[in-house]
Amino acid sequence: MRSFEPDEAELLSRLGVRVFSSDEIDQRGLGAVMSDAHAIATRGTAGFGISIDLDVIDPAEAPGVGSPVPWGLECGTLATALAEMSSDTRLIAAEIAEYNPRIDNEGQTARVAAELATALLGASETREERSGTAQLEWQYGARNYDPLPVTLVRGKGVYVWDEQDRRFLDMMSAYSAVSHGHCHPRLTQVLAQQASTLSVTSRAYRNDRLPRLFERLCEITGQEAVLPANTGLEAVEVAIKAARKWGAKVKGVPQDEVEIIACEGNFHGRSIAILAMSSESQYRDGFGPFPPGFVRIPFADAQALERAITPRTVAFLVEPIQGEGGIIVPPSGYLARCAEICRRHDVLFICDEVQTGLGRTGRMLACEHEQVKPDGLILGKALGGGLLPVSAFLARRDVMDVFRPGDHGSTFAGSALAAAVALAALDVLLEERLPERATELGDHFIRQLRAIPSPLVREVRGKGLLIGVEFKPEAVSARTVCEKLLERGVLTKDTHHTVVRFAPPLIVTRAQIDEALVIIGEVLLELGGALRSAA
Ligand SMILES: Cc1ncc(COP(=O)(O)O)c(C=O)c1O
């Protein structure tokens, strides 16, 4: 709500209607507010409806309305929030009002209305459209994901197949976890062999595989010690614990005062402590309170780091390229500059390479592009060869030595099975020269994506085979692009509503990239053409 007639406001308050002001939306984010509104609208009811006055959108995007008022919402942001609700089967009616075609000469506002209607009606599957397993997932699963409408049943290399045996080219590779391709034969063989030899013993005992993985990881990364974990966020938690204890015990900062600096737009996972660093209101909404001791600075701004460091600062945690944040590539020299600032202030420089690491950006580690060796390094995703969750925190010996027996642990982390698969995954990366392939094919892919003439695209960016195409939010939503590509047999995923990521398995061939490029070009032409004909 931006404004009300006084008697209208009085009536609403008398009826006990919860009104969300635009100030509240600015503060908490539209996603959070809409999710509250959704909860209120669905409490004890069989159905609910949504009414949208188009003048809620900023007139720069939607000028053709009854009463344009500046500083309105972004269409893309509202469409995303509506799409979240559209999968609720209790949504039984929707209206879009306040459209004035007489002052909408170029059809700009009609396109906004169409996008909002698509978000409400078009995108998600209805109950009838959901196939057997999808319906089971909907009924019995937590609804914490909004998957694209496809159910995969098998995979091989860069391809996956759905229940109808339709083949898809995987241009997402499970957020870079499947860098080796689906079901890499050598890795599945090691998995099967180790699984039938020795799998999980806990770390109450030693196993013969893990020390070899430690050694190999240190050789490859130049780090001195490893603490194994399972998922990426667990390794990030270990990094936070290491930095805090190092700060308190080695640097001498009073324990309750230690501070870790992170960046706006970061993504390090979604545990409570990690969310304390997040700037994403939807991830945080409803999950507080969060632990103190974290400070956020703008990403890609080394001066901001220098300014934010205090005597209490123990570490700076950063992704070399922000992945979930929208494939944001910092200017070259940023990491080296940050590392130098940290060194000067006795602050640990910790790189989260869960997504960028292990060849994805064209080097084994993305920080190698700037010859930077961090004090702490976090790996995950591809370390499990696309088969198992395997992650690790690596560091200098003096940093790692803050851990004493009992300080940290995990029943499954460092199992013989995980270590055997990770060792083989590292061997395959090196032997199949996957980082080099990422450089060569990534350059080609980015160049060709940039060459596609589309009025929908704002920017193509990335490094190696971690590529993002940012779309103009007023022109098309990234989700729509992903759905169109899915229809044409290419799997991708949107991030931050406006960016579509292309991060295929690193075993992808040039021919397969070219195959995807043809489809991407056709889809953009179709969507761009649809836009032009609507205008
Ligand atoms: C940079 C980064 N750190 C941490 C994580 C969390 O990893 P996981 O999902 O395995 O917990 C992710 C996941 O996307 C990530 O991109």
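Modeller: Domain bounds come from an automatic or database domain assignment. The model is a predicted one, in which local features need pLDDT of at least 70 and side-chain atom pairs count only at pLDDT 80 or more, while totals for chains, interfaces and linings use all residues. Residues are numbered from 1 along each chain as its sequence is written.

Biologist: Which domains does the domain assignment give?

Modeller: The centres of domain 1 and domain 3, taken over C-alpha atoms, are separated by 40 Å. Domain 2 is written as two segments, and the assignment reads: domain 1 (6-122), domain 2 (167-177 + 434-534) and domain 3 (185-431).

Biologist: What is the radius of gyration of the protein?

Modeller: The C-alpha atoms fill a box of roughly 70 × 55 × 45 Å along the principal axes. The radius of gyration is taken over C-alpha atoms, and the globule rule is 2.2 Å times the number of residues to the power 0.38. For 535 residues a compact globule would have a value near 24 Å, and the protein agrees with this at 25 Å.

Biologist: How many helices and strands does the protein have?

Modeller: Helices (H or I, at least four residues) and strands (E, at least two) are DSSP runs, numbered from the N terminus. On this basis the protein has 19 helices and 17 strands.

Biologist: What percentage of the residues counts as buried?

Modeller: A residue is buried if 20 or more other C-beta atoms lie within 10 Å of its own, exposed if 12 or fewer, and partly exposed in between, with C-beta atoms placed from the backbone. Of the 535 residues, the buried share is 44%.

Biologist: Which residues come nearest to the ligand?

Modeller: A residue is near a molecule if its C-beta atom, placed from the backbone, lies within 6 Å of it. Helix α10 (residues 232-251) gives the largest share of the shell, three residues. Of the 15 residues around the ligand, those that come nearest are T231, G232, L233, V354 and Q355.

Biologist: Is strand β14 enclosed or open, and which residues lie on its two faces?

Modeller: In a regular strand the side chains alternate between the two faces of the sheet. Six of the six residues of β14 (residues 466-471) are buried, so the strand is largely enclosed by the rest of the structure. Both faces are covered, with buried residues L466, G468 and E470 on one side and I467, V469 and F471 on the other.

Biologist: Which strands pair with β14 in the antiparallel sense?

Modeller: Two strands pair if DSSP finds at least two bridges between them. Strand β13 (residues 457-463) is joined to β14 by six bridges, and V460 has V469 as its bridge partner.

Biologist: Which residue in the turn of the hairpin has a positive phi?

Modeller: The hairpin is formed by β13 and β14, with two residues between them. The residue in the turn, with a phi of about 60 degrees, is G464.

Biologist: Which are the edge strands of the open sheet of four strands?

Modeller: This sheet has the order β3-β4-β5-β15, with mixed pairing. Each edge strand pairs on one side only, and they are β3 (152-156) and β15 (490-491).

Biologist: Which residue of β15 stands opposite L169?

Modeller: Strand β5 (residues 167-170) and β15 run parallel and are joined by two bridges. Opposite L169 stands V490.

Biologist: Which residues of helix α18 are buried?

Modeller: Helix α18 (residues 478-487) has seven of its 10 residues buried, so it is largely enclosed by the rest of the structure. Just after this helix, G489 takes a positive phi of about 90 degrees. The buried residues are A478, R479, T480, V481, C482, E483 and L485.

Biologist: Is A46 buried or exposed?

Modeller: A46 lies in the loop between α3 (30-42) and β1 (48-53). With 7 other C-beta atoms within 10 Å, A46 is exposed.

Biologist: Which residues does a cis peptide bond join?

Modeller: One of the two residues is in the loop between α12 (281-284) and β8 (294-297). The bond has an omega of about 0 degrees and joins G288 and P289.
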